[in-house]
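Please open the structure in your viewer and keep the selection panel at hand.

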Amino acid sequence: METLLFPGRAAKIRTATTNKKEPSRAMHILACVKQILDPEIATTVFRINEEKKEVVPIPGMSPVISPFDAQAVEAGMRIKETDPENIKLTVASLGTEAARAVLKQGLAMGADEAVLLADPAFQGSDTTATARILAEAIKKLGDVDLIITGRQAADGDVGVVGLGIAELLGLPAITFAKDVKAENGTLFVERMLEDGVETLEAPLPAVVTIAHELGKPRYTSLRETMKAARKPTQVWMAADLGLDAGVIGAAGARRVLERLYIPIKESRCEFLDGGSPQEIAATLAQKLKDAEFI
Amino acid sequence: MAGGILVITETEEGKPTALSLEMLGLARRLADGEGGGVTAVVLGSSIAGIAERLVAHGADTVFAGDHEAFAPYVADAWLPDVAKIAQETEPAVILLAHSTIGWDLAPRLAFRLDTAVATGCEAVEADTGKILMTRACYGGKAREQISFTTAPAIATVKSKTQEPLEPDESRSGEIAVLQSVLSPDQVRVKVTGQHREQEEGVRLETAKVVVAGGGGLGGPDGFKVAKELADLLGGAIGASRVAVENGWCPHSWQVGLSGKTVAPDLYIAIGISGAGQHMAGCANSGTIVAINQDADAAIFQSAKYGITAGYEELIPALIEEIKKIRA
């Protein structure tokens, strides 16, 4: 670990976990969740204001938890269920007050506690600033053994923050997990490859990012949702994390958005409909022959 | 461009991957336009002859690192050497593949070098001292062009977006054997097993023809007839996320943002609605033929030919017609 930006942090986390009285079982998992514009909205209602370089808000459309992050909570719950009494799952979100909704969803799925990072000074953070803020929050929690994020947020589709946290904290990381287990201080992951899967292991504390192949996140029952309302949510500001204003929010961002646009489709579709399926097929076959595909 | 371009290549079956050659083509064009050289890095455990291929495809300098810890890939093993080369060569741009290797390595490299990364880039351009990177966002519905206030700019490059150079065996380049700085205790992550699906027939990523099926196929049986058409055209079979999530076909068939990127000459989409996340994986195809009973499906906006008849009758008829033409 030659060029850690914050040297010594990894050691601190390790000390915190190894000092526990029952090192064999007790574990603290943190799932990071982001509130985003619903990624399933139809192309036909998706608009961009190119001048402001932003997505035009759609009236009545509620933001949602990024689907990969819901699966991060699901992955955390599957581990928690192996020993519910001794494994704690915390959900954290960097966002506005509105992000309480996605934290509630995580709590209703079974998480024990929530942390909301909602300082106006955080607004405009890019992936660098976001990873810094989350890394500081993890440091403040002190005893986190496993950090779980989605493989990417389904708005920016960037897929950097989880690995940024790992690098800032000097932790090993495994990406694109379809299956995650953690026991006896070791993380076991089945990781998606382009043409298959691989199995990996790493010592805890570690970071893992979740691929959609993990499977559907659990539904939240009314009973769990009502219970979730009584679970503790801490709200932390920049000052709570000892973060300098220059490294967070828009001031700390390195990414400059030069342009945001919807690509123009140039193709004009020629419909070959008309006649029986056999006639249509014959027309298409002829087109494919003319273009030398046959 | 002081420092030039650094390309972190990947290998497969003893050869550079097709995407690595695309990245070299992009690096060469950036370096020729702005000045500076192209440095390539290849890390692996049996990489003889690869450095020469990288030179023939546009690299001026190659660092070739042969180490048993380099294969199979883990970030812990690659990062110390890649970071050191980056620190020593001070490139303006670092290119990595948008793959399960490059996308795993690039963010860590960015944080280690105290700079930033753009993932899934479709274009990387130099413009009056700025590096402009264009990438899909919002599930493929939008594109953003971004730059960074820090250097080097790191980009993972999406497959099928760049032109590789024709290999030129007479190109000369410097090949340096990497003296690895890796110490075994830095490798915390261990690969304990790998299972790669044996792909039958034509490979999806390199196929000239792709026949892809989606939710409209209704089940695994629909894929049988789609596969028959693909085989007849000498093509590969692909699928949409919906079909994969329904368990109708293996994940390795998936085309789209979280699957494979393809750019065949002919893409036949059967029962695929054409959501942004799917089109992000096939929009660069030559000719798109869309077969979908929903005449308002977004796929028709990208298609050259559209058919709204049901596939159950149409595809067998098409297979018959193609056989007639061939006979």
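**Chain A as a whole**

Select chain A of this predicted model: its secondary structure amounts to eight helices and 15 strands, where helices (H or I, at least four residues) and strands (E, at least two) are DSSP runs numbered from the N terminus. Residues are numbered from 1 along each chain as its sequence is written, and chains are lettered from A and ligands numbered from 1 in the order in which they are written. Because the model is predicted, local features need pLDDT of at least 70 and side-chain atom pairs count only at pLDDT 80 or more, whereas totals for chains, interfaces and linings use all residues.

The C-alpha trace of chain A spans about 75 × 50 × 45 Å along its principal axes. Of its 294 residues, 47% count as buried (20 or more other C-beta atoms within 10 Å of the residue's own, with C-beta atoms placed from the backbone).

**Helix H3 of chain A**

Next, select residues 100-109 of chain A, helix H3, where eight of the 10 residues are buried. Among them are Val102(A), Leu103(A) and Met109(A). Just after H3(A), Gly110(A) adopts a positive phi of about 130°.

**The sheet with strands of both chains**

Now display the open sheet of six strands, ordered S15(A)-S17(B)-S16(B)-S15(B)-S13(B)-S14(B) with parallel pairing; strands pair if DSSP finds at least two bridges between them. Strand S15 (270-271) of chain A and strand S14 (236-239) of chain B stand at the edges with a single partner strand each, so one side of each has no neighbour in the sheet.

Zoom in on S15(A), which two bridges join in parallel to strand S17 (residues 305-307) of chain B. Phe271(A) has Gly306(B) as its bridge partner in S17(B).

Key. Buried ≥ 20, exposed ≤ 12 C-beta atoms within 10 Å, placed from the backbone.
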